[in-house]
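Try each task before reading its solution.

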Amino acid sequence: MTAFSEFIKHVGRGEKGRRPLTQEEAREALDMYLDGKAELLQLATLLMLQRVRCETSEEAAGYIQALRGRISPEWQELDVDVDWPCFAGKRRQPPWLLLAAKLLAKNGIRVMLSGHMAVDAIKYQVESACPALNIQQASTPDEARRILAEDNICYIPLSSYCEPLIDLLAIRNLVGLRTPLNTVARALNPVAAPFSIHGIFHQGYEQLHAEAAQLVGDNNMVAFKGEGGESERSPRTACRLSGVSQGQLFTEEWPTYLEGASGKHGEISGEFLQKVWLGEAENHYGECAVISTLAIVLKMMGICSEQEQALTMAQEWWEKRLS
């Protein structure tokens, strides 16, 4: 077995001697730590060296494989259509993505939301908004199965499906920088859904997400720079998608959906979102965020073949949400 220090040497040598880890090396390194054969300091050092020069898709893929190996197969046996990770939280806007997810559920598409409250405690987390929107939370596969049968939508916290990752994400609080595992958390797809949607903070990372997904055998997913880094489109800007469709990499440009809007929001809470859902409050930006986010899912899942068709269907679903 390779000593963990060898992985650090590969990544941290001088300019001419260093190299990224291969996918198999990254998987072995994280497996070693998870098996108690390496120290947290060693793993944190490796992750920070990778962060400085940006992790590669192969490294991310190896970490994804290691963590997926720690997820109970019972989660992967659930009947789910869309994996929707929500790890960023929101600061300037409520999590409008939840209304897009509710529209999918209302129209018979099963959605699994997931996240972790402590990733960015200063932001409003998706998990906090779910109760006001009647989105139930599950802690076991059996609970999730029951909830999905009732509602077509469910939220599962990271603690319920990959608890070892919680302490690893906390490395960010110790060192002050995100690690490659913040990328990996979004890519786990714990329920093996046939389609995933990833939101990213920084332009350019969408390609890394797509390449890593292809390397681990994910056939259909999409990643884009979301509002606040969450898996939600900002309708005020053009949107560049990268992803995997039928196992093949793709990129696609979506034009600005809402021209000249201020993006002014109302209350950042689940209660406010529920009022908008029920028609008791209005927010034009929010409605456009819901529709433009939902349209991406409809097209990338293959429900619609063209952008305009997807936007039209999303608009119709929104208008008929209370019928």
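**Exercise 1: Cysteines**

Cysteine 162 has 1% relative accessibility and therefore counts as buried. The model is predicted. Keep that in mind throughout.

Task: find how many disulfides the model has.

Solution. 
- Step 1. Take the cut-off: two cysteine sulfur atoms must lie within 2.5 Å.
- Step 2. Apply this rule, and the count is zero disulfides.
- Step 3. Check cysteine 130: the nearest cysteine sulfur belongs to cysteine 86, 7.6 Å away, and cysteine 130 is in no disulfide.
- Step 4. Check cysteine 162: its nearest cysteine sulfur is also that of cysteine 86, 17 Å away, and cysteine 162 is in no disulfide.

Task: decide whether cysteine 130 is buried or exposed.

Solution. 
- Step 1. Recall that buried means under 20% relative accessible area.
- Step 2. Cysteine 130 has a relative accessible area of 3%, so it is buried.

**Exercise 2: Strand β5 and its partners**

Task: state which strands pair with β5, and in which sense.

Solution. 
- Step 1. Locate β5 at residues 221–225.
- Step 2. Look at strand β4, residues 195–200: β4 and β5 pair in the parallel sense, over five bridges. Isoleucine 200 has lysine 225 of β5 as its bridge partner.
- Step 3. Look at strand β6, residues 239–245: β5 and β6 pair in the antiparallel sense, over three bridges. Here methionine 221 stands opposite valine 244 of β6.

Task: name the handedness of the unit that β4 and β5 form with helix α13.

Solution. 
- Step 1. Follow β4, then helix α13 (residues 205–215), then β5.
- Step 2. Together they make a right-handed β-α-β unit.

Task: explain why β5 is described as largely enclosed.

Solution. 
- Step 1. Count the buried residues: four of the five in β5.
- Step 2. Because of this, β5 is largely enclosed by the rest of the structure.

Methods:
Residues numbered from 1 in each chain as written. Predicted model: local features only at pLDDT ≥ 70, side-chain atom pairs only at ≥ 80, totals over all residues. Heavy atoms only, no water. Buried < 20%, exposed > 50% of the residue type's maximum accessible area, 1.4 Å probe, protein only. Helix = DSSP H or I, 4+ residues; strand = E, 2+ residues; numbered from the N terminus. Pairing = 2+ DSSP bridges. Right-handed = clockwise from strand over helix to strand, strands pointing away.
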